[in-house]
Amino acid sequence: MSGNHDDIAARLRDEASATAPERLRADVMLRVRAEPRPQRIRPTRSFGRSFAAVAVAACILGAMVFGLSRVDFGGGSASGGAGATAAHEKAAARLSGNAGGVVAPPGTTVTRGLPYQPAAQGGKAVLAPDQAQRLEAVPRPLRAAILGRYSLATPLREAFGAIDPHQVPNRR
Amino acid sequence: MQDVLTLPLPGLAPPRAYHGRVQNASDEVLARRAADGDESAFEELVVRYQDRLYTLALRITLSEADAYDCVQEGLVSAWRGLGSFRFNARFSTWIYRIVVRKAYDVLERRGRTAEPVDEVPATSVDSPAEARLDLLDALSALEPEFRVVAVACDVVGMSMDEAAIALDLPAGTVKSRLHRARARLAEALRTETETA
């Protein structure tokens with residue numbers, strides 16, 4: 001039965017094919033040339049590519065915001081964010097009361113986000129015990145970076161003064 | 001005066017000629033170029049497919065004039081629709097499907113108006129004339145749904161999957177119809193031989 005079917009298929013392939021009339025191509029191309037050229041519709045951008053572009057843009061924006069938040073513009077009011085203000089005000093209130101404070105290690109200034117007290121305490125801020133412990137718990141390289149940045153901020157501030165973005169820079 | 005009229009006009013472009021870059025390109029490459037408006041690429045596709053499309057339309061409609069119209073209309077429709085062709089299917093399947101639809105439209109129109117078909121199907125290959133006519137008669141006597149599957153798979157050379165897409169049928173249906181079409185053809189030829 002299968003051999004019979006194969007024979008039928010072979011005969012159909014050999015005998016039932018036809019040749020198109022010669023004028024068919026010319027007639028088709030005549031009509032095609034009279035038609036307007038097709039406007040190819042480009043495929044729309046895929047969801048994955050759009051999502052990746054949005055994610056990259058969000059990462060860049062986040063990195064920029066994070067970097068700006070880490071910049072020390074000098075002056076307690078300028079560097080402290082809105083969220084940090086309340087905590088720093090509490091810390092300042094504790095400092096003014098001198099209740100159980102400890103002196104920070106030499107070379108350490110922790111005036112970021114706090115009211116600037118250069119002369120009253122000789123450039124050294126008083127830390128609450130829990131804050132001192134938190135600072136000691138920071139890994140050594142990170143602590144060195146923090147201390148280095150803070151030690152650099154004080155001479156810059158003394159040389160150029162605090163930068164207030166709402167006023168003209170008061171350069172000496 | 002007559003010599004002057006036979007001179008070629010300077011403003012006319014020379015006739016288009018095929019070049020190797022077009023002839024060696026694949027169907028999909030040519031289709032992309034045609035979708036961008038390249039008429040020579042589309043002409044190469046016409047040359048490649050006109051015989052198979054004409055055979056398909058002729059064996060479905062059983063009329064040379066209708067087959068000619070189906071192929072011509074189908075190819076012009078393809079040119080118009082190339083801009084929206086997504087290239088996630090094969091160009092051959094797409095163009096077969098267009099022409100098959102045109103042929104089905106002819107059958108439907110003929111069924112409504114009961115147009116007579118009195119044309120003899122054309123053949124191009126030399127074989128014993130009586131046997132050829134027997135086979136073509138048997139093929140023409142099949143119902144259209146079986147005939148079209150036999151023509152698509154056995155005459156044009158489509159695979160089962162390609163025929164399923166081109167004919168808009170499930171692959172299982174194509175397989176069963178092809179089997180039954182071949183069985184009916186074998187039976188018809190055997191009966192013809194016994195009668196003779």
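Reply: Two residues are in contact if their C-beta atoms, placed from the backbone, lie within 7 Å. This is a predicted model, in which local features need pLDDT of at least 70 and side-chain atom pairs count only at pLDDT 80 or more, while totals for chains, interfaces and linings use all residues. Residues are numbered from 1 along each chain as its sequence is written, and chains are lettered from A and ligands numbered from 1 in the order in which they are written.

Me: How many residues of chain B are in contact with chain A?

Reply: In chain B, 41 residues are in contact with 29 residues of chain A. Helix 4 of chain B gives the largest share of the chain B side, 11 residues. Helices (H or I, at least four residues) are DSSP runs, numbered from the N terminus.

Me: Which classes of residue make up that side of chain B?

Reply: Ala, Val, Leu, Ile, Met, Phe, Trp, Tyr, Cys and Pro count as nonpolar, Asp, Glu, Lys and Arg as charged, and the others, Gly among them, as polar. The side of chain B that touches chain A has 22 nonpolar, 10 polar and nine charged residues.

Me: How is a pair of packed helices described?

Reply: The angle between their axes and the distance between the axes describe two packed helices. Axes are lines fitted to C-alpha atoms, for helices over the stretch in contact, and angles run from 0 to 180 degrees between N-to-C directions. Here, helix 2 (residues 23-34) of chain A and helix 5 of chain B have axes that come within 10 Å and cross at roughly 35 degrees. Among the residues making this contact are A:Leu24 and B:Trp79.

Key. Helices (H or I, at least four residues) and strands (E, at least two) are DSSP runs, numbered from the N terminus.
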